[in-house]
Amino acid sequence: MIFSPQSRVWIYQSNRKFSSVEEIEILHKLEAFTSQWKAHGNELMAKAEIRYGFFIILTVDESQANVTGCSIDSSVRIIKDIEQSYHVDLFNRFNMAYKIGEEVHVQGKEDFETLVNINQITTKTIVFNNMVQTLQELETKWEVPFENSWHANVFAHLL
């Protein structure tokens, strides 16, 4: 399937990395969900993926059918089911993800703030903007240097 750059995305970040077995199991659950995901009886052109072992990304191309409140609710239910089944936190927006080399790390807000304060995380450190809303933004604005992210505004007092 080819998805429009304007396709909607939702990113759920885990507080820990999924094991390879967990990742396979979760992808199977998500594929079963996206293959039957509907909005008011219309099939949604959707896909799910896991990136870096931490990020569950749901994508819907609304050129065929628009996502509705009910269809979004059903996606939240599958994510909450995954959260409970695998004992992970997928809804805590205070967990911050960043990259050192190619390795992703996730820290709580206070620990992240400490790392900024002691220059372990710098203005050049790649951070993840999980608030992107489209596939195009996912590809261009999801992984960005700290200095170009919303993180820089929140932690400006430490820079």
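The buried residues of α3 pack against β6, β7, β8 and α5 (150–154); here, buried means under 20% relative accessible area, exposed over 50% and partly exposed in between, with a 1.4 Å probe and protein chains only. Contact means heavy atoms within 4.5 Å. Helices (H or I, at least four residues) and strands (E, at least two) are DSSP runs, numbered from the N terminus.

This is a predicted model, in which local features need pLDDT of at least 70 and side-chain atom pairs count only at pLDDT 80 or more, while totals for chains, interfaces and linings use all residues. Residues are numbered from 1 along each chain as its sequence is written, and side-chain values use heavy atoms, leaving out hydrogens and water.

**Exercise 1.** Find out which residues of α3 are buried, and which exposed residues its other face carries.

*Solution.* 
- Step 1: Pick out the buried residues of α3, which are Phe112, Leu115 and Val116.
- Step 2: Look down the axis of α3: these buried residues fall within an arc of 100 degrees, so they line one face of the helix. The arc is that of the directions from the helix axis to the C-beta atoms.
- Step 3: Turn to the face away from the buried side, where Glu110 and Asn117 are exposed.
- Step 4: Place the helix. α3 (residues 109–117) lies across β6, β7 and β8 (126–128), at about 115 degrees to β7. Axes are lines fitted to C-alpha atoms, for helices over the stretch in contact, and angles run from 0 to 180 degrees between N-to-C directions.

**Exercise 2.** Work out in what order the four strands of the open sheet stand, and which strands are at its edges.

*Solution.* 
- Step 1: Read the order, β7-β6-β8-β9, with antiparallel pairing. Two strands pair if DSSP finds at least two bridges between them.
- Step 2: Find the edges. β7 (103–108) and β9 (143–145) each have a single partner strand, so one side of each is left without a neighbour in the sheet.
- Step 3: Note the twist, which averages 35 degrees from one strand to the next.
- Step 4: Zoom in on one pair: β6 (residues 95–100) and β7 are joined over six bridges, and Ala97 has Val106 as its bridge partner in β7.

**Exercise 3.** Describe how long α1 is and what covers its buried residues.

*Solution.* 
- Step 1: Take the length. α1 (residues 20–36) has 17 residues and reaches 25 Å from its first C-alpha to its last, close to the 24 Å expected at 1.5 Å a residue. That expected span is 1.5 Å times one less than the number of residues.
- Step 2: List the buried residues of α1: Glu22, Ile26, Leu30, Phe33 and Thr34. Down the axis of α1 they fall within an arc of 90 degrees, so they line one face.
- Step 3: On the other side, the exposed residues are Ser20, Val21, Ile24, His28 and Ser35.
- Step 4: The cover over the buried residues of α1 includes β4 (45–51), β5 (55–61) and α2 (69–86).

**Exercise 4.** Say which residues have the most contacts inside the largest nonpolar core.

*Solution.* 
- Step 1: Recall that a nonpolar core is a set of buried Ala, Val, Leu, Ile, Met, Phe, Trp, Tyr and Cys residues joined through side-chain atoms within 4.5 Å.
- Step 2: In the largest core, of 23 residues, Leu30 and Ile56 have the most contacts. Its largest share, four residues, comes from α2.
- Step 3: Follow Leu30, which touches residues including Ala48, Ile56 and Ile82, not counting those up to four places away in sequence.
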